[in-house]
Amino acid sequence: MGENKVTQCQQEAEEVTQIMLDNYSKVLDREGKLQDLDSRAEELLDMSTTFSKTSKTLAQKKRWEDQKLRLVLAGVAVGVLVLIILAVALALSLPGAGTQVSGQAEVRASAPTNGSN
């Protein structure tokens, strides 16, 4: 009977040893998976930092391009406005420019025609 108890204790000890070995291998597997997960998290952090820097740089570049376009359009508008103002000023500054056309019409209307006298 004592031998039977010793054998039973040895079997239980072997079962406990097997369970401990299984648990140990599971812990090692989890550790490897956690290391993989940690390295992937670091890669994602690096990628997000790079994305953030790139997006900020791109936003600044687009803002500058937009500002340049607005400046060019404003310059063109100012140029057209200056040309219109100069054309009007030149037309008004010429002597008799406004009365010359109407004066020619009056001369034609008041001049006698050869056949009607």
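1. A salt bridge here is a side-chain nitrogen of Lys or Arg within 4 Å of a carboxyl oxygen of Asp or Glu. Asp66 and Arg70 form one, with their closest N and O atoms 3.5 Å apart. These two residues are four apart in helix α1, so about one helical turn separates them.

2. Please keep the basis in mind. This is a predicted model: local features need pLDDT of at least 70, side-chain atom pairs count only at pLDDT 80 or more, and totals for chains, interfaces and linings use all residues. Residues are numbered from 1 along each chain as its sequence is written, and side-chain values use heavy atoms, with hydrogens and water left out.

3. How many salt bridges are there by this rule? The count is two. Glu65 pairs with Lys62, and the closest N and O atoms are 3.6 Å apart. Glu65 and Lys62 are three residues apart in helix α1, so about one helical turn lies between them.

4. Arg70 is exposed because its relative accessible area is 53%. Glu65 is partly exposed at 34% relative accessibility. Lys62 is partly exposed too, at 48%.

5. Now the overall fold. The protein has two helices and zero strands. Both terms refer to DSSP runs, numbered from the N terminus: helices are H or I with at least four residues, strands are E with at least two. Helix α1 covers residues 2-93, and Val80 lies in it.

6. Consider the whole surface. Buried residues make up 0% of the 117 residues. The accessible surface is about 11,000 Å², and carbon and sulfur atoms account for 63% of that. Accessible areas come from the Shrake-Rupley method with a 1.4 Å probe; for residues, only the protein chains shown count as cover.

7. Which residues make the nonpolar surface patch? They are Val72, Val76, Val80, Ile84, Val88 and Leu92, and the patch is about 570 Å². Patch residues have over 30% relative accessible area and no salt bridge; nonpolar side chains (Val, Leu, Ile, Met, Phe, Trp, Tyr) are joined within 5 Å, like charges within 9 Å. Val80 counts as partly exposed because its relative accessibility is 44%.

8. Finally, the record. An unreviewed UniProt entry lists residues 71-92 as "transmembrane region". UniProt positions follow the numbering used here, feature names are shortened, and annotations may be inferred rather than shown by experiment. In the model, residues 71-92 are 100% helix and 0% strand, with end C-alpha atoms 31 Å apart.

Note on methods:
Buried < 20%, exposed > 50% of the residue type's maximum accessible area, 1.4 Å probe, protein only.
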